[in-house]
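Have the model open while you read.

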Amino acid sequence: MRHRKPSSTPLELSPEGQWHTHTAVTPAATELLDCLTPLVSRASWVIAQLGQSLDGRIATQSGHSHYINGQESLVHLHRLRALVDAVVIGAGTASADNPQLTVRHATGTHPTRVVLDPRGRVPLDIKLFHTDSAPTLHVVGPDTAFAPSSATVQRCRLPLNAQGQFAPSDVINLLNQRGLQRILVEGGGVTVSQFIEAGVIDRLHLLVAPLLIGSGRPGLQMTPIETLESALRPTMRRFRCGDDTLFDVLLRAATFT
């Protein structure tokens, strides 16, 4: 009987995001590969990420959110950052959380950090504007006064829509024109909701913690609908993420078969 020659490549990926290996894989590694290989196998996509409680809250009424989700969910978020070219946050998240948006709990390259600030309300002393660990892009509205680009941050303008916000498609096009093809919309809930409602998100990674807050700031906030016939009914997969549950929600099936 002839023995099959082992593959020189430990992991083989198909264009559809399926993986195969001749090496033994642990159950934990299998779940991780099942979750992330659809992203690794494609060169261009937009993913959104939200962490929330069982009752759909991303923070208390006062804005306290550290930490709703567990350590494994934080590691997952950093893995997503390591896979993308750019990570996008809104003005509220930049101001309230003062994040670094770098890869620290996983191995990988820091993505370009993008702050959407249509009215110029983000304080200029936040970390993103004064650290050179990764490129930073500060996007403001056409009539907003702002400091010029510097060694640590590049500033540019985009037009506003009727609601006084950036059209998500304009943001995606701006980043694509700069060679940023894999994009993570990290927060907050309002920004993620706007991008989902605009139809530019391919996948949503929704991390749900076994926690009931009972009040506070909701996660997704989109235009109200009258009946459930208008609700989105995407396909999804579920994965364990420590004590949390990761819902991998497929929003644009045409992009991910």
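Leaving aside its neighbours within four places in sequence, which residues is asparagine 98 in contact with? They are Thr93, Ile126 and Lys127. Keep in mind that this is a predicted model.

**Around asparagine 98**
- You'll find asparagine 98 in the loop between helix H3 (91-97) and S6.
- Asparagine 98 counts as partly exposed because its relative accessibility is 25%, and partly exposed covers what lies between under 20% (buried) and over 50% (exposed).
- Lysine 127, one of its contacts, sits 29 residues away in sequence, yet the two C-alpha atoms are 6.3 Å apart in space.

**The sheet**
- Nine strands make up an open sheet with mixed pairing, and reading across it gives S8-S7-S6-S5-S9-S3-S10-S13-S12.
- The edges belong to strand S8 (154-157) and strand S12 (235-241); each has a single partner strand, so one side of each has no neighbour in the sheet.
- On average, neighbouring strands here are turned by 20° against each other, direction ignored.
- S5 and S9 run in the parallel sense and pair over four bridges, with alanine 86 standing opposite isoleucine 183 in S9.
- H5 packs on this sheet, where it touches S3, S5, S6, S9 and S10. The direction of H5 makes about 135° with that of S9.

- In soluble globular proteins, nonpolar side chains tend to be buried together.
- In this model, the largest nonpolar core has 29 residues, and Val114, Leu116, Val139, Leu175, Phe195 and Ile201 have the most contacts inside it.
- Among the elements giving two or more residues to this core are strand S3 (45-52), strand S6 (112-117), helix H4 (168-177) and helix H5 (189-197). H4 gives the most, with four residues.
- Take isoleucine 201: beyond its neighbours within four places in sequence, its contacts include Val46, Ile47, Ala48, Val185 and Phe195, and also Leu251 and Arg252.
- There's a second, separate core of 25 residues, which includes Leu83, Val84, Leu101 and Leu184.

Notes: Residues numbered from 1 in each chain as written. Predicted model: local features only at pLDDT ≥ 70, side-chain atom pairs only at ≥ 80, totals over all residues. Heavy atoms only, no water. Core = buried A, V, L, I, M, F, W, Y, C linked by side-chain atoms within 4.5 Å. Buried < 20%, exposed > 50% of the residue type's maximum accessible area, 1.4 Å probe, protein only. Contact = heavy atoms within 4.5 Å. Pairing = 2+ DSSP bridges. Axes fitted to C-alpha atoms, helices over the stretch in contact; angles between N-to-C directions.
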